[in-house]
Amino acid sequence: MFTPTELLDISTLLTPENKIVILTHYNPDGDAIGSSLGLKHYLRAKGIPAEVIVPNDFPKFLKWMPESKKVIIGEYKRKYAFELISGADVIFCLDFNSPSRIGLLGEWLTKAKAKKILIDHHQQPEVFDFVYSDTVIPATSQMIYHFIEAMNDEKLVNQDIAECLYTGIMTDTGGFRFRSTSATTHRIIANLIEKGADPSIITSNTWDTNTVSRLHLLALVLGRIEVVNDGKVALLSLTRNELKEYGFQKGDTEGFVNYGLSIAGVKMAAFFMEDLYDDFIKISFRSKDDVDVNQFSRKYFNGGGHINAAGGKSDGSLSSTIEDFKRFLGEGEIH
C-alpha cells in the first residue's frame with residue numbers, strides 16, 4: 001500500500017478542480033474494466049469526476065457494468081483521448097506495469113505532465129510518481145478496495161462500486177479458484193455483497209452470455225486438444241480462418257485455456273491463436289501450483305504476467321510456434 005505520506009499527498013490531488021483520467025491496458029479484461037470503473041464510481045462518490053480511457057475495445061460481456069458504455073476507447077476517439085491525457089492533472093494507471101502495455105496511449109502517458117499513480121499486481125513495475133504494487137494480490141480490483149480502505153472511505157462503497165470490483169476480482173481469480181485467492185479476498189467479496197453486489201446476477205451477466213458461434217469455436221478447440229509432456233501440459237489452438245468461419249467476436253475465446261488446465265494431471269495449459277488481422281500468434285498460459293508460466297513466457301515468448309497466469313506472442317507461424325513450445329518443454333522447463 002502507499003505510505004501514509006503518499007496517501008496524504010494523493011488525497012490533496014483528488015479534488016473536483018483537478019482533471020483526473022483512469023487508464024488501463026490493451027485488450028482490457030474483467031479486472032481492467034472492473035477496477036477502472038470501480039475507481040471512477042468511488043471518485044464520483046467523493047464528488048470528483050473522472051474519465052476512463054482504454055486503448056482498444058473490450059468484450060461485450062463486460063459492457064453491463066455501470067457506466068461501461070461511457071468508457072472512452074482510444075482507437076475510436078484518438079483526438080479526444082489525447083486531449084484528456086495531455087490535459088490531465090492526475091492519471092491513475094491500473095492493471096499494467098509499463099506504458100508499453102497500453103498501446104497507442106503509452107507515448108501520450110509518458111509525455112503527460114500529470115501526476116501518475118500506479119495500482120497494479122504485475123511483476124517488475126516501472127517508475128511512476130506513486131506506486132502501489134503487490135504481486136501477491138490476485139486482482140487490481142481488490143487493490144482498489146484496499147486503496148478505498150486506506151483512504152478511510154469504506155462507507156462510500158455503493159452498489160456501483162461493489163458490482164465493478166466484484167466482477168474484476170471474480171474474473172481475475174477464475175471464479176475464486178486460483179491459488180492467489182486468499183481469505184482476505186473472500187472477506188472483501190463478502191463486504192461487496194453486503195454493499196449490493198449480487199453474485200448470481202454478476203455471474204450471469206459476465207459468463208452466461210455464450211453465442212452459438214462461441215460454442216462452435218469451443219467445440220472445435222476441445223475436439224483437438226493435445227496433452228504432452230507425460231500428461232502434464234495441454235495445448236489448444238485456433239487459426240485465423242477458423243475464427244473467421246465462426247464469426248469471432250472480441251472476448252469469444254476468453255477462458256478457453258482453462259479447459260486445458262481442468263484435465264486431471266495437467267499442470268500447465270497453453271492456448272495459441274492466430275491474430276485475426278496481423279501476422280503473429282497470441283498465446284495464453286495457465287498453470288497450477290509452483291509452475292511459473294510468467295518466467296516461461298518472459299524467457300521464450302516476449303510476455304509475462306503472474307506465476308500461474310501469463311501471456312505471450314510469437315511472430316512465427318502457428319505450427320512453428322507450437323513446435324518451439326514443445327521443444328522448450330523438452331528442455332526441462334516444466335516438471
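In this predicted model, Leu235 is buried, because its relative accessibility is 5% and burial is assigned under 20%. Leu235 belongs to strand 8, which covers residues 233-238. Apart from neighbours within four places in sequence, the residues in contact with Leu235 are Ile225, Glu226, Val228, Ala270, Phe272, Ile322, Phe325 and Lys326. Arg179 lies 56 residues from Leu235 along the chain, and the C-alpha atoms of these two residues are 22 Å apart.

When neighbours within four places in sequence are set aside, Asn308 is in contact with Arg179, Phe285, Arg286, Ser287, Lys288, Asp289, Val291 and Val293. Asn308 is found in the loop between strand 11 (304-305) and strand 12 (309-314). With a relative accessible area of 16%, Asn308 is buried. Two of these contacts can be described at the level of atoms. The side chain of Asn308 forms a polar contact of 2.9 Å with the side chain of Ser287, and the side chain of Asn308 also reaches the backbone oxygen of Asp289 at 3.1 Å.

Glu242 is part of helix 10, residues 240-245. Its relative accessibility is 15%, so Glu242 counts as buried. Beyond neighbours within four places in sequence, Glu242 is in contact with Leu217, Leu220 and Arg224. With Arg224 there is a polar contact between side chains, at 2.6 Å.

The packing of helices was considered next. Two packed helices are described by the angle between their axes and the distance between the axes. For helix 2 (residues 30-45) and helix 6 (residues 159-172), the axes come within 8 Å and cross at roughly 160°. Helix 2 and helix 6 are therefore roughly antiparallel, as angles over 145 degrees are placed in that class. Their crossing is left-handed. On the side of helix 2, the contact is made by Gly30, Asp31, Gly34, Ser35, Leu37, Gly38, His41 and Tyr42. Helix 6 contributes Asp160, Ile161, Cys164, Leu165, Gly168, Thr171 and Asp172. By class, the residues of this contact are five nonpolar, seven polar and three charged.

Helix 6 also packs against helix 7 (residues 183-194), at an angle of about 150° and with the axes 9 Å apart. This angle makes helix 6 and helix 7 roughly antiparallel. The crossing of helix 6 with helix 7 is left-handed. Here Ala162, Leu165, Tyr166 and Ile169 of helix 6 meet Thr185, Ile188, Ile189, Leu192 and Ile193 of helix 7. The contact of helix 6 with helix 7 contains eight nonpolar residues, one polar residue and no charged residues. Leu165 is listed in the contact with helix 2 and also in the contact with helix 7.

Finally, backbone angles were examined in two loops. Glu67, in the loop between strand 2 (51-54) and strand 3 (72-73), has a phi near 75°, a positive value in a residue other than glycine. Glu67 counts as buried, because its relative accessibility is 19%. Asp95 likewise is not a glycine and has a positive phi, of about 65°. Asp95 is located in the loop between strand 4 (90-94) and helix 4 (105-111). With a relative accessible area of 2%, Asp95 is buried.

Terms used:
Residues numbered from 1 in each chain as written. Predicted model: local features only at pLDDT ≥ 70, side-chain atom pairs only at ≥ 80, totals over all residues. Heavy atoms only, no water. Helix = DSSP H or I, 4+ residues; strand = E, 2+ residues; numbered from the N terminus. Buried < 20%, exposed > 50% of the residue type's maximum accessible area, 1.4 Å probe, protein only. Polar contact = N/O pair within 3.5 Å; in protein donor to acceptor, adjacent residues only side chain to side chain. Contact = heavy atoms within 4.5 Å. Axes fitted to C-alpha atoms, helices over the stretch in contact; angles between N-to-C directions. Parallel < 35°, antiparallel > 145°, perpendicular 65-115°, else oblique. Left-handed = near helix turned anticlockwise from the far one by under 90°. Nonpolar A, V, L, I, M, F, W, Y, C, P; charged D, E, K, R; others polar.
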